[in-house]
Number of protein chains: 2
Amino acid sequence: MSNVIKPRSGTAFKMKKGERLKVTDPLGEQVADLYCFNEHDIKEFLSSGRSLDYNESLTFKSGSKLYSNQSNVMMEIIEDLVEEHDFLLTPCSVDTFTHFYPHEDPVPGCHGNLVNALAKYDIPEHLIGTTFNTFMHVGVSPDGKLKVLPPKSKAGDYIIFEATMDLIVGLTACSAGESNNFKYKPINYEILQ
Amino acid sequence: MSNVIKPRSGTAFKMKKGERLKVTDPLGEQVADLYCFNEHDIKEFLSSGRSLDYNESLTFKSGSKLYSNQSNVMMEIIEDLVEEHDFLLTPCSVDTFTHFYPHEDPVPGCHGNLVNALAKYDIPEHLIGTTFNTFMHVGVSPDGKLKVLPPKSKAGDYIIFEATMDLIVGLTACSAGESNNFKYKPINYEILQ
């Protein structure tokens, strides 16, 4: 059954080892920030730095593995219609909104939405780090400059992650205009048994 | 007074706001992994993801700021003779050594050395994330592949960081052959008042 994450919001849920998470961009050009914890030990969590290191790549696609801070594989990408995601940047927060969008009223952002959604599993805020930013398109120029670009995802595009341990997962529909081409849209997800 | 971090080891110390840390590569082609915490609240710590986001760059040099997970500036780079550092990769650990150097006996790596050095300040292991890898040279190819290359630092080259809050700092002399061109060397540092 497909679940809907409303625009500019987030959710959290558990996945058992072997279950698959399908994340769909129903309308196109939307981003979903993903973070996860070992269900049995929240001191083990998703690590951008370990994942970039073991994959030896900034790019993630089918076959790529997402590692924990303890060097264990947490998720593997099984299928991916987009092949453009970001694993460099932390999710937007009230502070990043104030920095990047000084003329807008700040919103909780994906960071705040993850904090709120993961609170039911007693996850403290400071353990929420750099998310896997599904469908987020960050261009890297030859001099190392980063630029947030519109996602490449089209309506109906999806990615499927397989859990390789029991997980607590946080997932959002992006709140930051620059990341989703200023079209705040929902994200759909479902757990495939 | 200059202090020496012996090859393949690490240390930890406090810095007050306004103090400057000079890190010198005395022999050339060596890397020093740096991590830091707010002295008064260890739930606030260095964040690669926030720093990449606010600097809008993979490259760091004089004028770049290193941010915490709470979006506060922890350090600013005041002077930098090398201008090639890495802020993508987590420090090597027993697990990464086993992965990348399967024919060598694994060593604690910079991660293990930081864990040991920071224990005197009651920093738990899981709070040590992606370090600022001073002088580390990671090439990014147009397709996003990452390659660890010999550091560009020559004998005597240095970088100076200014603390913009009271800090607990961990600092190492790199243990991973690929990062330092298989020449395990010391790192020198001093606090400039």
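Visitor: What makes helix 3 (residues 109–118) of chain B largely enclosed by the rest of the structure?

Guide: First, a friendly caution: this is a predicted model. Buried means under 20% relative accessible area. Nine of the ten residues of helix 3 of chain B are buried, so the helix is largely enclosed by the rest of the structure. Among them are Cys110(B), His111(B), Leu114(B) and Leu118(B).

Visitor: Which elements do the buried residues of helix 3 of chain B pack against?

Guide: One partner comes from the other chain, helix 1 of chain A. The others are strand 2 (10–15), strand 4 (32–38), helix 2 (94–100) and strand 12 (167–172) of chain B.

Visitor: Why is the pair Glu39(B) and Lys16(B) called a salt bridge?

Guide: The cut-off is 4 Å between a side-chain nitrogen of Lys or Arg and a carboxyl oxygen of Asp or Glu. In Glu39(B) and Lys16(B) the closest N and O atoms are 3.0 Å apart, so the pair qualifies. Glu39(B) sits in the loop between strand 4 and strand 5 (41–45) of chain B and Lys16(B) in the loop between strand 2 and strand 3 (20–25) of chain B, so the bridge ties together parts 23 residues apart in sequence.

Visitor: Is Glu39(B) buried or exposed?

Guide: Glu39(B) has a relative accessible area of 19%, and buried means under 20%, so Glu39(B) counts as buried. Lys16(B), at 40%, counts as partly exposed.

Visitor: Which parts of the chain does the salt bridge of Lys183(B) and Glu29(B) link?

Guide: These side chains meet at 3.2 Å, N to O. Lys183(B) is in the loop between strand 12 and strand 13 (187–192) of chain B, and Glu29(B) is in the loop between strand 3 and strand 4 of chain B, 154 residues apart.

Visitor: How do you know that the copies meet through the same surface?

Guide: Of the interface residues of chain A, 100% are also interface residues in chain B, so the surface is the same. Together the chains bury about 2,900 Å², 56% of it on carbon and sulfur atoms.

Conventions
Residues numbered from 1 in each chain as written. Chains lettered and ligands numbered in written order. Predicted model: local features only at pLDDT ≥ 70, side-chain atom pairs only at ≥ 80, totals over all residues. Heavy atoms only, no water. Buried area = accessible area lost by both parts, 1.4 Å probe. Contact = heavy atoms within 4.5 Å. Buried < 20%, exposed > 50% of the residue type's maximum accessible area, 1.4 Å probe, protein only. Helix = DSSP H or I, 4+ residues; strand = E, 2+ residues; numbered from the N terminus.
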